Amino acid sequence: MCAKIGVDPLASNKGFWAELLGIGDFYYELGVQIVDICLATRSHNGGLINLQELCTLLCQRRKTAREAISEDDCLRAISKLKVLGSGFEVISVGKKKLVRSVPTELNKDHNEILELAQAHGYVTVNEVDRRLSWSSGRAIDALDTLLEEGLAMIDDGHRDGKRRYWFPCVSFSASVGSEALKT
């Protein structure tokens, strides 16, 4: 059928057949670029990047590409990366979608902390205790795990003396990501 109408279903572009059937090199090429961006920004975001920011960085990288890239394209390309094993998946945290590029499993406690951090980019132990009605031990345990996995950074320099746990994946900007891609 394809030969009769002059369509190559395996062509390396985002065509009707590639989108309909999920085949073609377009999504694999996009997947390689996504891996490259995730690796380049990992030192800044700990291996969690906002899906919208990833798409923005991808579009900046593909300025000369003829096809527009949508979030759905990114989601499809990431689904093709599942063959690489654990490490690349999309997780929902509150209203945001984050791309996880490290083999860390996040539990419900971690997700709740990330959702709480979306307001300011950081949380404190007291804030987690108060807003989530947790014991300080539970909050410290979850925050320490996120810290050990490289998903959080500590700020002990605030004038109120309270330790802040910053989460670059929810406070990361595309301009910082652009700088990371240049190095």
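Two strands count as paired here if DSSP finds at least two bridges between them. Keep that in mind for what follows. The model is predicted.

Start with strand 1, residues 48–50, and strand 3, residues 96–100. They pair in the antiparallel sense, over three bridges.

Now turn to strand 2, residues 89–93. Strand 2 also pairs with strand 3 in the antiparallel sense, here over five bridges. Look again at V99 in strand 3: V90 stands opposite this residue.

How many residues lie between the strands in the hairpin of strand 2 and strand 3? There are two. In this hairpin, G94 takes a positive phi near 65°.

Three strands form an open sheet in the order 4-6-5, with antiparallel pairing. Which strands are at the edges? They are strand 4 (122–123) and strand 5 (153–155), each of which pairs on one side only.

Follow strand 4 to its partner. Strand 6 covers residues 164–166 and pairs with strand 4 over two bridges, in the antiparallel sense. V123 stands opposite Y165 of strand 6.

Helix 8, residues 136–148, lies across strand 4, strand 5 and strand 6. Its direction is at about 45° to strand 6.

Conventions: Residues are numbered from 1 along each chain as its sequence is written. This is a predicted model: local features need pLDDT of at least 70, side-chain atom pairs count only at pLDDT 80 or more; totals for chains, interfaces and linings use all residues. Side-chain values use heavy atoms; hydrogens and water are left out. Helices (H or I, at least four residues) and strands (E, at least two) are DSSP runs, numbered from the N terminus. Contact means heavy atoms within 4.5 Å. Axes are lines fitted to C-alpha atoms, for helices over the stretch in contact, and angles run from 0 to 180 degrees between N-to-C directions.
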